[in-house]
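Subject: Handover of a structure, with notes on its pockets, cavity and helix packing

Dear colleague,

Please find below the structure that I am passing on to you. My notes on what was found in it follow directly after.

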Amino acid sequence: MPTSPAAWEAAAVALRRIYADAETRLLERIARRLERGIDEDPFWAEQKLQEVRYVQREIEDLVTRLERESRREIETAVVEAYEGGALEAARDIAEVVDRPLREVVRVSRLGAVESIVEEAVAQVRSTHLRILRVADDIYRRTIAEATARAATGAMTRREAAQMALNRFADAGITGFRDRAGRNWSIDSYAEMATRSATGRAAIQGHVDRLTANGYDLVIVSDSPDECSLCRPWEGRVLSLSGVTPGYPTLAEAQGSGLFHPSCTHSVSAYIPGRTERPKRAQLANPEGYEIRQRQRYNERMIRKWKRREAAAITDEEREFARRKVREWQAIQRKHLALSGREFQRDYARESITRAR
């Protein structure tokens, strides 16, 4: 059986939902606290600033829970991905040869797996300090803007506060940079880090099992959703160790972009004379990648308007956000129907709450 990083993306999506849920709760708590007394209390601004410590305590409690949950989720997902990759390698071998398998070292003793876990945990936890800073910033700036705009008589405090909250809801908690210099929102960054970790673990488990059984060659699958980074490697045979002459190595392919965090390709054992290689002309399908990217964009827009609803402190804004959610959900349905992928809608990716 082939092993692909995409096969383990459920864990990454689950962690994204945990962080999206935390971001949503942050917005809701700030909005609800700011809403109290906003219309009738003449000393609203002073009262809200005195409550800063309560907001900070609530967010600190939220971050503490994230600390525990993120490690548990990542550790479980990485170990399962490694063991799954190793199991698929065993099935892979069994499909083409009939001989006993040698055992591979137990996952509990693998330093490589521990290293993947710690790196992913460190990546995700690096976002936590920013959560505290952003929450404080949203709270204080919304009070300041609402007070200043209301003083001009151009709008009410509630309207001005809603304007500020909308801006923060649209932006989300951002500013997280990966090694390639790309910026991510907090939920997407958590998903990316986990997806990368589980993908690496699954491939490592597959490679370790094949190597332990004396196999050095693997073949890269054809994917209907390939991107420009992966396309050159489709159908190519790779050497795991580099000792088999005439083949590029798996490390070279990975260094060129194969098995990036959202990669949908897989590898499986290549047995010369037994494994059939696809013809190059059959492989190219750039449209599939564009379809998937559009689907991801629609999902982000659905999540954006759900955040807006969470931050609403007026009935009009709440209903407007709900209409926009329904509008983008309809756009998503139409997009998938026209692309022939109406059965591939991923509701978990449209959610801003954790799985229950």
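A pocket is here an open set of points on a 1 Å grid, with protein on both sides within 12 Å along at least five of seven lines, and a residue counts as lining it if the residue has an atom within 4 Å of a point. Please bear in mind throughout that the model is predicted.

Overall description

The protein has 356 residues, of which 51% count as buried. Its secondary structure consists of 11 helices and 5 strands. Taken along the principal axes, the C-alpha atoms fill a box of roughly 85 × 45 × 35 Å. Among the contacts with a separation of 6 or more, 78% are accounted for by residues 24 or more positions apart.

The largest pocket

The largest pocket holds about 880 Å³ of space. Its lining comprises 28 residues, and those nearest the centre are S262, R292, Q293, R296 and R349. Two helices, α7 (186-212) and α9 (286-310), each supply at least two residues of this lining. The largest share comes from α9, with 8 residues. By class, the lining of the largest pocket divides into 8 nonpolar, 7 polar and 13 charged residues.

The second largest pocket

For the second largest pocket, the volume is about 670 Å³. This pocket is lined by 28 residues, and R179, S196, R200, F259 and P261 are the closest to its centre. The elements that give two or more residues to its lining are α4 (111-125), α7 and α8 (250-255). Here the largest share, 10 residues, belongs to α7. The class division of this lining is 15 nonpolar, 7 polar and 6 charged residues.

The cavity

How many cavities of 30 Å³ or more does a search of the whole structure find? The search returns 1 such cavity, and about 40 Å³ of space lies in the largest cavity. The residues lining it are E23, L26, L27, V134, I138, F168, G172 and I173. Both α1 (9-35) and α5 (128-152) contribute at least two residues each, and the largest share, 3 residues, is that of α1. In terms of class, 6 of the lining residues are nonpolar, 1 is polar and 1 is charged.

The packing of α1 and α6

Two packed helices are described by the angle between their axes and the distance between the axes. Helix α1 packs against α6 (residues 157-171) at an angle of about 170 degrees, and the two axes lie 11 Å apart. Angles over 145 degrees count as roughly antiparallel, and α1 and α6 are therefore roughly antiparallel to each other. On the α1 side, the residues in contact are L27, I30, A31, L34 and E35, which meet R158, L165 and A169 in α6. The residues of this contact divide into 6 nonpolar, no polar and 2 charged. L27 has a place in two of these descriptions: L27 is one of the residues that line the largest cavity, and L27 is also among the α1 residues that meet α6.

Yours sincerely

Conventions: Residues numbered from 1 in each chain as written. Predicted model: local features only at pLDDT ≥ 70, side-chain atom pairs only at ≥ 80, totals over all residues. Heavy atoms only, no water. 1 Å grid on protein atoms, 1.4 Å probe; cavity = no way out; pocket = protein on both sides within 12 Å on 5 of 7 lines; lining within 4 Å. Points joined across faces, edges and corners; volume = space filled by probe spheres on them. Helix = DSSP H or I, 4+ residues; strand = E, 2+ residues; numbered from the N terminus. Nonpolar A, V, L, I, M, F, W, Y, C, P; charged D, E, K, R; others polar. Axes fitted to C-alpha atoms, helices over the stretch in contact; angles between N-to-C directions. Parallel < 35°, antiparallel > 145°, perpendicular 65-115°, else oblique. Contact = heavy atoms within 4.5 Å. Buried < 20%, exposed > 50% of the residue type's maximum accessible area, 1.4 Å probe, protein only.
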